[in-house]
Amino acid sequence: MNKKFLVSGLITTVVNLLLHTVAYIFILKDVCQSYPAVSEEFRKQLSRPLDQLIVWAMVVTSLSMGFLITTAMKWAGANTFVSGLKYGFVFSLLFWGSVNFGLYASSNFFSTTSVFIDYACSVTVMTIAAAVAAGLLGRGKININFKES
């Protein structure tokens with residue numbers, strides 16, 4: 001693992017996490033409340049409140065996703081923002097299709113509306129994060145202020 005890959009993975013992690021947070025706050029939170037698949041009481045039993053989140057596990061999942069995206073873009077040979085959009089979109093469609101529709105098929109946690117809206121949001125976020133990863137991977141040597149040298 002080289003410095004460019006490491007820095008790209010860390011930045012991709014942050015971009016992906018921030019975009020998913022924004023999508024949840026402004027879109028998905030309201031959708032899940034408007035189109036519940038389960039009762040509010042049952043949903044509260046399944047989901048931890050913010051003050052009970054397990055921080056180290058959130059860090060691990062965020063880093064895993066950021067480096068998964070970065071690895072996929074590296075393996076695809078994507079080295080520009082636009083190529084990252086292209087490869088990231090295909091990767092995102094397949095990845096989130098598997099996750100979202102697998103959970104929808106096997107659980108009662110999503111409604112039909114919420115699974116499709118979550119799918120669209122997740123694909124959009126991962127596509128943008130992949131484009132960022134590809135753009136970073138395609139740059140020259142990355143230094144502390146992220147300018148080409």
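Q: What should I know before I start?
A: This is a predicted model: local features need pLDDT of at least 70, side-chain atom pairs count only at pLDDT 80 or more, and totals for chains, interfaces and linings use all residues. Residues are numbered from 1 along each chain as its sequence is written, and side-chain values use heavy atoms, with hydrogens and water left out.

Q: How many helices and strands does the protein chain have?
A: Helices (H or I, at least four residues) and strands (E, at least two) are DSSP runs, numbered from the N terminus. Here the protein chain has 5 helices and 0 strands. From the N terminus, the order is α-α-α-α-α.

Q: How do I read the length of a helix?
A: The expected span is 1.5 Å times one less than the number of residues. Take α3, residues 55-76. Its 22 residues reach 32 Å from first C-alpha to last, close to the 32 Å expected. Just after α3, Gly-77 has a positive phi of about 80 degrees. For α4, the 26 residues should span 38 Å; the end C-alpha atoms are 36 Å apart, which agrees.

Q: How do I read the packing of α4 and α5?
A: Two packed helices are described by the angle between their axes and the distance between the axes. Axes are lines fitted to C-alpha atoms, for helices over the stretch in contact, and angles run from 0 to 180 degrees between N-to-C directions. Helix α4 (residues 81-106) and helix α5 (residues 112-138) pack at about 150 degrees, with axes 7 Å apart. The two are therefore roughly antiparallel (an angle over 145 degrees). By class, their contact has 18 nonpolar, 10 polar and 1 charged residues. Nonpolar means Ala, Val, Leu, Ile, Met, Phe, Trp, Tyr, Cys and Pro; charged means Asp, Glu, Lys and Arg; the others, Gly among them, are polar.

Q: Which residues of α4 are buried?
A: Buried means under 20% relative accessible area, exposed over 50%, partly exposed in between (1.4 Å probe, protein chains only). The buried residues of α4 include Ser-83, Gly-88 and Trp-96. Leu-94, also in α4, is exposed at 62%. Its C-alpha lies 9.0 Å from that of Val-123, 29 residues apart along the chain. Of the 149 residues of the protein chain, 32% count as buried.

Q: What does the side chain of Thr-12 contact?
A: Thr-12 sits in helix α1 (residues 3-34). Thr-12 is buried, at 0% relative accessible area. Its side chain makes a polar contact with the side chain of Thr-70, at 3.4 Å. A polar contact is a pair of N or O atoms within 3.5 Å; within protein, one must be able to donate a hydrogen and the other to accept it, and residues adjacent in sequence count only if both atoms are side-chain atoms. Thr-70 is one of the buried residues of α3.

Terms used
Parallel < 35°, antiparallel > 145°, perpendicular 65-115°, else oblique.
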